[in-house]
Amino acid sequence: GLPARVRIHEVGPRDGLQNEQTVVPAEVKAEFIRRLAGAGLRTIEATSFVHPKWVPQLADAERLFPAVSDLADREGDAAVRLPVLVPNERGLDRALALGAREIAVFGSATESFARANLNRTVDEALAMFEPVVARAKEAGAGVRGYLSMCFGDPWEGPVPVEQVVGVCRRLIDLGCDELSLGDTIGVATPGHVTALLTALNEAGIPTGRLAVHFHDTYGQALANTLAALRHGVTTVDSSAGGLGGCPYAKSATGNLATEDLVWMLHGLGIDTGVDLGRLTATSVWMAGRLGRPSPSRTVRALAPR
Ligand code: HMG
Ligand code: MG
């Protein structure tokens, strides 16, 4: 069966904007996040506390985060979770100083991407995360663990399922509350998704702690999402308007577009809390700021001409 409700983890302001050529001003990013919240999204990944030279597009995190953090203080159903990416203790200090309540570390299933993205081996990256996760939990913050290159790697090709399961296990053992399985370059197909989820269950990792993070390079992201939903996954990452990519992975294009996801979920009778009209209007507005049209098929179908 399919779930009655899906939690959308919106990554447009982080995964989307980190890869845009245009450096968007902090005020425009804050407006983007407010409009996404206005469209009903309740988990919005706001930014990253990484080295500003590595991701110049998000170098304004100290200005942006305080400009939106009131969204997390809203009462009840109106409260918006605002997770931020943090690679190391320096990043954690920056995030906690601004009152962040949810962080995400981001590991890799492959050595090539660990090197390209974090300047570390897989082991060194996990060692770097260990005190980050421990201290975040002491501070009462929720911790997500991303795992990139779960299906294929641009340098190494297909990635063995056992290799992915091994790093997932280690992220769980560090104390991550949730794992997001990244198809960073969008090469997965539905059978592969089901095989990985099954192997994770066999390794004792419950589906309830898993999220899926599909980039849409080969147009497979929706089909892969449906396979994950049928397996019991209820948290799906997507990016408004299909913004995104990854500056450190060649051949990574945008994430699954949130509008395309919402169109499918609502068609299946699955509740998301999202107002598709308001969301599409937000992506059209953002496309105007970026000076290029949204790649989302649903945005193009619904946008006024
Ligand atoms: P490094 O060069 O090895 O850094 O980079 P280091 O640890 O040697 O430190 C060098 C200097 O950087 C030091 O300064 C540190 O203080 C400073 P110095 O003492 O020389 O003056 N520094 C920092 N400054 C500010 N904030 C920090 C920070 N850390 C160190 N947090 C590092 C290592 C991890 C920092 C670097 O590789 C980095 O920032 N990488 C981030 C890359 C990134 O953000 N990639 C995109 C996100 S991942 C993604 O998109 C995939 C995902 O979507 C899932 C999927 O699709 O698969 C999540
Ligand atoms: Mg990504």
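**Entry 1. Conventions**

I take helices (H or I, at least four residues) and strands (E, at least two) as DSSP runs, numbered from the N terminus. The model is predicted, and local features need pLDDT of at least 70, side-chain atom pairs count only at pLDDT 80 or more, and totals for chains, interfaces and linings use all residues. Residues are numbered from 1 along each chain as its sequence is written, while chains are lettered from A and ligands numbered from 1 in the order in which they are written.

**Entry 2. Positive phi**

Met 149 lies in the loop between strand 5 and strand 6 (152-153), and its phi is near 60°, a positive value in a residue other than glycine. Asn 119 also has a phi near 60°, positive although the residue is not glycine; I find Asn 119 in the loop between helix 5 and helix 6. Most residues other than glycine have a negative phi.

I then checked burial, with C-beta atoms placed from the backbone: buried is 20 or more other C-beta atoms within 10 Å of a residue's own, exposed is 12 or fewer, and partly exposed is in between. Met 149 counts as buried because it has 28 C-beta neighbours inside 10 Å. Asn 119 has 14 inside 10 Å and therefore counts as partly exposed.

I traced an open sheet of eight strands in the order 1-10-9-8-5-4-3-2, with parallel pairing. Strand 1 (7-10) and strand 2 (47-48) stand at the edges with a single partner strand each, so each has one side without a neighbour in the sheet. Two strands count as paired if DSSP finds at least two bridges between them.

I followed strand 8 (residues 178-183) through its partners. Four bridges join strand 8 to strand 5, the two running parallel, and Ser 180 in strand 8 has Tyr 146 opposite. With strand 9, strand 8 pairs in the parallel sense over five bridges; here Leu 179 stands opposite Leu 210. Strand 9 (residues 210-214) in turn pairs with strand 10 (residues 235-238), parallel, over three bridges, and Val 212 has Val 236 as its bridge partner in strand 10.

I also noted the cover on strand 8: six of its six residues are buried. On one side these are Glu 178, Ser 180 and Gly 182, and on the other Leu 179, Leu 181 and Asp 183.

**Entry 3. Helix 8 and helix 9**

I fitted axes as lines to C-alpha atoms, for helices over the stretch in contact, with angles from 0 to 180 degrees between N-to-C directions. Helix 8 (residues 190-202) and helix 9 (residues 221-231) have axes that come within 8 Å and cross at roughly 35°. Contact here requires C-beta atoms, placed from the backbone, to lie within 7 Å. Helix 8 contributes Pro 190, Val 193, Thr 194 and Leu 197, and helix 9 contributes Ala 223, Asn 224, Ala 227, Ala 228 and His 231.

**Entry 4. Ligand 1**

I counted a residue as near the ligand if its C-beta atom, placed from the backbone, lies within 6 Å of it. There are 26 residues around ligand 1, and His 51, Gly 91, Ser 148, Gly 182 and Thr 184 come nearest. Helix 4 (89-97), helix 5 (111-118) and strand 5 (142-148) each supply at least two residues of the shell; helix 4 gives the most, with three.

Terms used
Contact = placed C-beta atoms within 7 Å.
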